[in-house]
Amino acid sequence: MTDFEDLLANNARFARTDAKDRVPAIPFLPHKQVYVITCIDPRVDPSDVFGLALGDAIVARNVGGRVTDAVLADLAWISYLHETRTPDAPWFEVAVVHHTDCGSGLMADDELRHGFVARGFDDVALKRTAVLDPADTVPGDVQRILEAETVSENVAVSGWSYDVATGLVSPVVPSTRGRQRSG
Ligand SMILES: [Zn+2]
C-alpha cells in the first residue's frame, strides 16, 4: 500500500460525512472571511494551526508563504469577483503568515542556491524568497498587497509569524485596509 492509498480510504470515509454539504453557497465567500497566505511546509497547515474546517477560508500556499505575482493575481481575481458578484457581502481579511525555521531560508545559502540557479531559475528572485525571520519578510509582503492596484481597496491585510516550536502565532503587522503607497 502506498501512502496515497491510505488517503483514498480516508476520502471514502469523508464522502460519507456531511462535511461537503456544509460548505459555503458561494465559494469565494468562505464561512470565515479570511484569506490565508502561508508556506507549503507540512508543519504549518492552517487547518490545524487556525482550526479551519472545510469551507472556512481561502488558503494560498507556496514556498515561504510569499506574496508573489501569482498570489497577487489570484487575490485580484477573488477581490474582483467579490466587487462584481457580491458587492454587499462583508469583505475578507488577508493574513500573511510566515514561520520560523522555514525551508525557504535555505535559499539564502549561496552555494545551494547557485546550484539551483544553474537549472534555469533567477538568482535574485530566489534570494528574495528566503524567509530567515518572519519579522523581516512579513511587512514587505503585506505592503505589496496594499500597494497592488489590481487588488480591491476593501480588502484588509494583516501580517503574522508562526513559531513552529511553540505552535503560537504572533502579530507582525496590524490589520490595515485601503490603498497604501510607499515612498
Ligand atoms: Zn516554510
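**Reading the fold**

Guide: Begin with contacts across the sequence. This is a predicted model, and of the contacts in the protein chain between residues at least 6 apart in sequence, 68% join residues at least 24 apart. Buried residues account for 26% of the 183 residues.

Visitor: Which secondary structure elements does the protein chain have, and in what order do they run?

Guide: The protein chain has 6 helices and 5 strands. Read from the N terminus, the order is α-β-α-β-α-β-α-α-α-β-β. Along the principal axes, the C-alpha atoms fill a box of roughly 50 × 50 × 35 Å.

Visitor: How do I read the pairing of a strand such as β4? Which strands does β4 pair with, and is each pairing parallel or antiparallel?

Guide: Take each partner in turn and look at the direction and the bridges. Strand β3 (residues 93-99) runs parallel to β4, joined by 7 bridges; there, Val96 has Gly159 as its bridge partner. With strand β5 (residues 169-177), β4 pairs in the antiparallel sense over 6 bridges, and Trp160 stands opposite Pro171.

Visitor: Is β4 mostly covered or mostly open?

Guide: Covered: 6 of the 7 residues in β4 (residues 156-162) are buried.

Visitor: What should I look for in a nonpolar core?

Guide: The general idea is that in soluble globular proteins, nonpolar side chains tend to be buried together. Here the largest nonpolar core has 32 residues, and Val94, Val96, Ile145 and Val157 have the most contacts inside it. At least two residues of this core come from each of β1 (34-39), α3 (69-85), β3, α6 (134-147), β4 and β5.

Visitor: Which residues does Val94 contact, leaving aside neighbours within four places in sequence?

Guide: Val94 is in contact with Tyr35, Ile37, Leu75, Ile145, Val155 and Val157.

Visitor: Why does Ala89 count as exposed?

Guide: Count the C-beta atoms around the residue. Ala89 counts as exposed because it has 12 C-beta neighbours inside 10 Å, and the cut-off for exposed is 12 or fewer. Ala89 is found in the loop between α3 and β3. Not counting residues up to four places away in sequence, Ala89 touches Leu29 and His82.

Visitor: How far is Ala89 from Ala165, in sequence and in space?

Guide: The two are 76 residues apart in sequence, and their C-alpha atoms are 38 Å apart in space.

Definitions and conventions. Residues are numbered from 1 along each chain as its sequence is written. This is a predicted model: local features need pLDDT of at least 70, side-chain atom pairs count only at pLDDT 80 or more; totals for chains, interfaces and linings use all residues. A residue is buried if 20 or more other C-beta atoms lie within 10 Å of its own, exposed if 12 or fewer, and partly exposed in between; C-beta atoms are placed from the backbone. Helices (H or I, at least four residues) and strands (E, at least two) are DSSP runs, numbered from the N terminus. Two strands pair if DSSP finds at least two bridges between them. A nonpolar core is a set of buried Ala, Val, Leu, Ile, Met, Phe, Trp, Tyr and Cys residues joined through C-beta atoms within 7 Å. Two residues are in contact if their C-beta atoms, placed from the backbone, lie within 7 Å.
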